[in-house]
Amino acid sequence: MRAVAAKDNAASVRGCRKRRPVGNVKTSILPLVAASVLLAGCATPPPRSNKAAFEAYQQQNDPLKPANKVFYHFDNVLDTYVLRPVAVGYSHITTPAIREHVSDFMQNMDGPAELLEFMAAGKPRDAGTTLVRFIVNSTVGIGGIFDPASAIGYKRVYTDLGLTLAGYGVPEGPYLYLPFAGPSDVRDASVLPAGFFLTPTVAAPPSTGLTIFNYSSDALDVVNKRANLLGTISNIKKSSLDPYATFRSLYRQHRAAQLRTINERDIATPPAWYPAKEREAMKPRPYGSP
């Protein structure tokens, strides 16, 4: 997203990361997206004789760039004339504390899905942390509005199906920009529909009230995240010569950082009396390595 400090960039991408779709909006657009991409065609790679240009093309891994840029510009217009004005108004009637509680509530709703994903990834420590957080925050934290679990040492850990697949060595594939969802790639986009079925509300009996809650919570989540990023995104668009390329680069940097964070957390604690060879064997390997 931005050509300034990397730390701020990673934070901005993290804030933009989508919550699992509670409604059917994102899952229903995927067939349309696929058809549109096929109709739009692919970017024409430069000739291999132009070594520098060909290497840059491969490094970008964005063969669907023409279609991606159409979707990016569509989202940019939507953001400029609809989402940003709404987020500005929302930020004027809420405080940072209120927006933090909204974020806590939305994150708590992801707890059951993240528990299953950590278990599928073979990360029992993170799965245990996620389970404790969901139980404590759903009860003492009044449905996740508050985050007492962090106060007692259970800090939030994050994962999603895309990161789970990455842990098993599934490559990210070409870059994608999805309308209404933003930066993605083939691996992450392919699991969006599955994310819908991992939300807690899926198990509830269908009702008008539940439908209203699903769409309302989705809308509130989007506006709340956008409000938290008003300054950051504005700075990106003003300072970057090519915001599209900046968003693409920072999305990939952030996903790579998430994988590293999971790996760094997943550290065994070998007893001191273990032989040196066994202690060395228990050291973590790079996440996603065989």
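## An exposed loop residue, Ile142

With a relative accessibility of 54%, Ile142 counts as exposed, because the cut-off for that class is over 50%. This value, like the others here, comes from a predicted model. You will find Ile142 in the loop between helix H7 (124-139) and helix H8 (148-151).

The backbone at Ile142 deserves a look too: phi is positive, about 55°, although Ile142 is not a glycine. For context, most residues other than glycine have a negative phi.

## Phe180, between two strands

Phe180 also has a positive phi, about 75° here, and is not a glycine. Its place is the loop between strand E1 (175-178) and strand E2 (182-185). Is Phe180 buried, exposed or partly exposed? At a relative accessible area of 46%, Phe180 is partly exposed, because that value falls between the 20% and 50% cut-offs.

## Asp62, a buried charged residue

Now to the loop between helix H3 (51-60) and H4, where Asp62 sits. Asp62 has a relative accessibility of 3% and therefore counts as buried, the limit being under 20%.

Which side chains does the side chain of Asp62 meet in polar contacts? One is the side chain of Tyr244, at 2.5 Å. Another is the side chain of Arg248, at 2.9 Å. Asp62 also pairs up in space with Tyr175: their C-alpha atoms are 5.1 Å apart, while 113 residues separate them in sequence.

## Where H4 and H12 cross

The axes of helix H4 (residues 65-93) and helix H12 (residues 208-228) come within 8 Å and cross at roughly 80°. An angle of 65 to 115 degrees counts as roughly perpendicular, so that is how H4 and H12 are placed relative to each other.

On the H4 side, the contact is made by Asp79, Leu83, Arg84, Val86, Ala87, Tyr90 and Ser91. H12 contributes Leu220, Val222, Val223, Asn224, Arg226 and Ala227. Sorted by class, the residues of this contact are eight nonpolar, two polar and three charged.

## The chain as a whole

Stepping back, the chain has 15 helices and two strands. Of its 290 residues, 41% are buried. The accessible surface comes to about 15400 Å², and carbon and sulfur atoms account for 66% of that area.

How much of the contact total comes from residues 24 or more positions apart? Among contacts in the chain with a separation of 6 or more, such pairs make up 71%.

Note on methods
Residues are numbered from 1 along each chain as its sequence is written. This is a predicted model: local features need pLDDT of at least 70, side-chain atom pairs count only at pLDDT 80 or more; totals for chains, interfaces and linings use all residues. Side-chain values use heavy atoms; hydrogens and water are left out. Axes are lines fitted to C-alpha atoms, for helices over the stretch in contact, and angles run from 0 to 180 degrees between N-to-C directions. Helices (H or I, at least four residues) and strands (E, at least two) are DSSP runs, numbered from the N terminus. Angles under 35 degrees count as roughly parallel, over 145 as roughly antiparallel, 65 to 115 as roughly perpendicular and the rest as oblique. Contact means heavy atoms within 4.5 Å. Ala, Val, Leu, Ile, Met, Phe, Trp, Tyr, Cys and Pro count as nonpolar, Asp, Glu, Lys and Arg as charged, and the others, Gly among them, as polar. Buried means under 20% relative accessible area, exposed over 50%, partly exposed in between (1.4 Å probe, protein chains only). Accessible areas come from the Shrake-Rupley method with a 1.4 Å probe; for residues, only the protein chains shown count as cover. A polar contact is a pair of N or O atoms within 3.5 Å; within protein, one must be able to donate a hydrogen and the other to accept it, and residues adjacent in sequence count only if both atoms are side-chain atoms.
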